[in-house]
Amino acid sequence: MPTVVSADGTRIDVATLGSGPGVVILHGAGITVGQYKHLAARLSREFSVHAYNRRGRPGTAALTGAETAATDIEDLSAVLAATGSTRVFGHSGGGFVALQAGLHLPVTHVGVYDPAVAVAGCDFPRDFLPTFEAALASGDEVRAMTVMGADINREQTARLPESVQVAMVRAYLRTPIGRGMAELLPTVAPELHRILDAEGPAWDYAGITANVLLARGAKSASYFGPICDELAAAIPHSEQVVIPKAHHNTANIAPEHFVKVFAHFFANPAPDATISP
C-alpha cells in the first residue's frame, strides 16, 4: 500500500490489485473504498485496480471544512500520476468526482454508476439536509439516518410508516456495517454540499473529451434516470446503459453481469463501442 502526496501535502494510502491498464475506484458518500473489494477483485483480472479513501476516512486526512470539489480533484490527480492510470470508476458521489475529473484531468475513460450529480431540472435529493445536519449535531444518529434514507431511497420508504423506518435504522446500526456508516456520517453533508455547489445544466460537462459510460441500476432510485439522460445528451463521447436487476448498492456486491459492463468499457477505447449488460 504505497502512499501518494496531494497538492496540499496530504498523504493518501493507495491499495493496488492486479495488473494491466490502471483503473482508479472512487467510492460513494458515507462509506469507504473497502466496500468495493469485490469490484476491485473482479476488475483486477484484467486491470491494475487502485483504490483509496477520500478525505475524512482512514488512510488520508481528516475533514477541515475547507474542502471543495477541487480538493477531490487534486487528490485524484496525485493518485493518477503516481499509478499512471487514465481510467476512473465512480459510484454515487464518486461518480460526481469522476465526471469532474473528466473536465480537469487527463483521463481517457470515465465509468460511473448511479452518479450523484446535481443537474439543473433533475430531482436530486437535498431536502433532508437541514434536518440531517441538525440531528447529527445533536448526536441523534438514528434521526439523521432516517431522514437521509427517506429522501435518498424515497421510492422504497414511501409506503413505510416513520416508526418502521426508525426501527429499521436502529437494527441496521447494530450491525458492523451500520456502525461503520454511522462513524462516517459527518462526511455526508460536506460531500453533498460540494455536489450542490456545482449544480448547473448538464452542458457544464460538455467539455469532457474522455469516453464516458453512464450506467444506472434498473432497481435504483428513479432520479438517476433523468440525470443520466441529461448528461448523455451533453457529453460528446458518452453512452448509457441500464443494468438489469441492479440497485444502488450493486456496485458494492459487484456480481459478474455488473462487472462485465465496466470491464468491457474500460477495455474498449472506441467512443461508439456498444455495451450490453
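Which helices are included in what covers the buried residues of helix 9? Helix 2, helix 3 (93-104), helix 4 (129-137) and helix 5 (141-152) are among the covering elements. The structure is a predicted model, in which local features need pLDDT of at least 70 and side-chain atom pairs count only at pLDDT 80 or more, while totals for chains, interfaces and linings use all residues. Residues are numbered from 1 along each chain as its sequence is written, and side-chain values use heavy atoms, with hydrogens and water left out.

**View 1. The chain as a whole.** The secondary structure comprises 12 helices and eight strands (DSSP runs numbered from the N terminus: helices are H or I with at least four residues, strands are E with at least two). The radius of gyration is 18 Å, close to the 19 Å that the globule rule gives for 277 residues, so the chain is as compact as a globular protein of that length (the radius is taken over C-alpha atoms; the rule is 2.2 Å times the number of residues to the power 0.38). The C-alpha trace spans about 50 × 40 × 35 Å along its principal axes. Of the 277 residues, 52% are buried (buried means under 20% relative accessible area, exposed over 50%, partly exposed in between, with a 1.4 Å probe and protein chains only).

**View 2. Helix 9.** Helix 9 covers residues 188-197; seven of its 10 residues are buried, so this helix is largely enclosed by the rest of the structure. The buried residues are Val188, Ala189, Glu191, Leu192, Arg194, Ile195 and Leu196.

**View 3. The largest nonpolar core.** This core has 61 residues, and those with the most contacts inside it are Leu76, Val88, Leu99, Val110, Phe132 and Leu231 (a nonpolar core is a set of buried Ala, Val, Leu, Ile, Met, Phe, Trp, Tyr and Cys residues joined through side-chain atoms within 4.5 Å). Helix 2 (residues 69-83) gives the most to this core, with six residues.

**View 4. Surroundings of Leu76.** Not counting residues up to four places away in sequence, Leu76 touches Val24, Leu26, Tyr52, Val88, Val97, Ala101 and Leu105 (contact means heavy atoms within 4.5 Å).

**View 5. Thr60 in its loop.** Thr60 is found between strand 4 (48-52) and helix 2, and its 18% relative accessibility counts as buried. Neighbours within four places in sequence aside, Thr60 is in contact with Thr10, Arg11, Ile12, Asn53, Arg54 and Arg55.
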